[in-house]
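Work through the exercises below with the model open. Try each task before reading its solution.

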Amino acid sequence: MNRILFFVFIIVISAGVSFAQNRTDSTTLPVVDSIITQDSIIVNDSLPLLQTSDSVSKMPLKDSGWTVNLFLPSSRQHLDWQLLQRHPYFGFSATPLIIHSAIRQINGKELLFYLLVFLLFVYAILRKAFPKYFNDLFRLFFRTTLKQRQTREQLMQTPLPSLLLNGFFVITGGLYITFLLQHFKLNLEDDFWLTFLYCILCLSGTYLVKFIGLKISGWLFNIREAADSYIFIVFISNKMIGILLLPFLILLSFTAKDVYSISLVISWCLIFVLMIYRFILAITAIRNQVKVNPFHFFLYCCAFEIAPLLLVYKALLLYFRITT
């Protein structure tokens with residue numbers, strides 16, 4: 001009996017365990033099905049679809065104008081130009097604006113500018129190379145110390161700077177005379193540089209003839225010392241004129257109207273004062289050696305200073321009128 005009861009107990013327990021297992025399996029299957037349903041909902045509302053519909057980039061979908069090749073320098077330069085053309089604030093690719101203005105007329109003064117620069121450069125070199133000569137020159141001319149034989153002999157013993165300054169006077173004086181002829185419309189030639197060349201030749205020829213004539217006169221009349229003194233005063237005055245005319249040449253070359261007229265008048269006054277000053281120095285130096293009447297000396301200056309220049313100009317004017 002006991003065995004029968006034990007067997008029935010075993011059967012009841014086994015039935016309860018199997019029922020519990022079947023219930024667990026039935027609840028597990030729906031849970032698996034609900035998870036699958038939730039996954040299907042996530043797939044229907046996926047993130048890539050939202051990104052595609054709400055894009056942030058404003059770049060065109062298709063731009064065939066961009067050409068880039070980073071391995072070629074020319075392509076990189078072309079890329080820079082493409083960036084400039086697509087700049088949002090600067091219109092590099094726009095049509096340029098053309099503004100019509102008056103055409104600048106070139107007067108052809110480039111050679112004149114280079115000539116003046118050359119003259120300034122030559123004066124600077126001479127001033128730097130012969131400082132003592134320039135100091136003695138200014139001291140002897142402006143302080144009327146012509147009686148100091150030592151200073152005068154020092155100047156006469158340095159022929160190189162004296163010769164170079166005489167050439168400097170010929171160039172500056174010839175250029176100044178050319179400006180005067182152009183101002184008064186007395187040009188022998190329409191070409192400025194040809195007139196300038198004629199002025200240089202006339203000026204150098206005049207003072208060369210004058211130098212030779214004074215030397216011969218001093219030898220003939222046995223007044224060599226007086227002739228040398230007068231020659232020294234004439235050429236030292238010419239050197240000062242050549243130096244002092246340099247700033248006026250710059251003004252006469254590149255100014256017009258009122259400034260030009262004022263510069264021209266001041267240069268006339270300067271030359272007139274220097275010529276009077278030379279006349280006073282010459283007559284003072286010569287009267288100590290030779291008895292000369294001031295009126296006779298004035299006639300000499302008119303005959304040998306002013307008349308030769310006028311005669312040379314008149315001869316050249318007649319010559320060019322005949323040839324043309």
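**Exercise 1. Find which residues N166 touches, leaving out residues up to four places away in sequence.**

Step 1. Set the cut-off: contact means heavy atoms within 4.5 Å.
Step 2. Apply it. N166 touches F235 and K239, not counting residues up to four places away in sequence.
Step 3. Check the separation. N166 and K239 are 73 residues apart in sequence, yet their C-alpha atoms are 6.1 Å apart in space.
Step 4. N166 is found in helix 7; helices (H or I, at least four residues) are DSSP runs, numbered from the N terminus.
Step 5. Classify its exposure. Buried means under 20% relative accessible area, exposed over 50%, partly exposed in between, with a 1.4 Å probe and protein chains only. N166 has a relative accessible area of 18%, so N166 is buried.

Two notes on the model. It is predicted, so local features need pLDDT of at least 70 and side-chain atom pairs count only at pLDDT 80 or more, while totals for chains, interfaces and linings use all residues. Residues are numbered from 1 along each chain as its sequence is written, and side-chain values use heavy atoms, with hydrogens and water left out.

**Exercise 2. Compare K210 and F211: is each one buried, partly exposed or exposed?**

Step 1. Locate both. K210 lies in helix 8, residues 192–220. F211 lies in helix 8 as well.
Step 2. Read the accessibility. K210 is buried, because its relative accessible area is 10%. F211 has 33% relative accessibility, so F211 counts as partly exposed.
Step 3. List the contacts, again without residues up to four places away. K210 touches Y230, V234, R278, Y300, F304 and E305. F211 touches I231 and F235.
Step 4. F211 and F235 are 24 residues apart in sequence and 9.5 Å apart in space, C-alpha to C-alpha.

**Exercise 3. Describe how helix 5 packs on helix 9 and on helix 4.**

Step 1. Axes are lines fitted to C-alpha atoms, for helices over the stretch in contact, and angles run from 0 to 180 degrees between N-to-C directions.
Step 2. Angles under 35 degrees count as roughly parallel, over 145 as roughly antiparallel, 65 to 115 as roughly perpendicular and the rest as oblique.
Step 3. Take helix 9. The axes of helix 5 (residues 131–142) and helix 9 (residues 224–244) come within 11 Å and cross at roughly 110°. Helix 5 is therefore roughly perpendicular to helix 9.
Step 4. Name the residues. Helix 5 contributes Y133, F134, L137, F138, L140, F141 and F142, and helix 9 contributes F232, I236, S237, K239, M240 and I243.
Step 5. Sort them. Ala, Val, Leu, Ile, Met, Phe, Trp, Tyr, Cys and Pro count as nonpolar, Asp, Glu, Lys and Arg as charged, and the others, Gly among them, as polar. The contact has eleven nonpolar, one polar and one charged residues.
Step 6. Take helix 4. Its axis and that of helix 5 are 5 Å apart, at an angle of about 95°. Helix 4 and helix 5 are therefore roughly perpendicular to each other.
Step 7. Name and sort again. Y123, L126, R127, K128 and A129 in helix 4 meet P131, F134, N135 and F138 in helix 5. These divide into six nonpolar, one polar and two charged.

**Exercise 4. Count the aromatic pairs and classify the pair Y123 and F168.**

Step 1. State the rule. Rings of Phe, Tyr and Trp (its six-membered ring) pair if their centres lie within 6.5 Å; planes under 30 degrees apart count as stacked, over 60 as edge-to-face and the rest as tilted.
Step 2. Count. The total is twelve aromatic pairs.
Step 3. Classify. The ring centres of Y123 and F168 are 6.2 Å apart and the planes lie at 35°, so the pair is tilted.
Step 4. Locate. Y123 is in helix 4 (residues 110–129) and F168 in helix 7 (residues 159–183), 45 residues apart.
Step 5. Widen the view. Y123, Y133, F134 and F168 form one aromatic cluster.

Methods
Helices (H or I, at least four residues) and strands (E, at least two) are DSSP runs, numbered from the N terminus.
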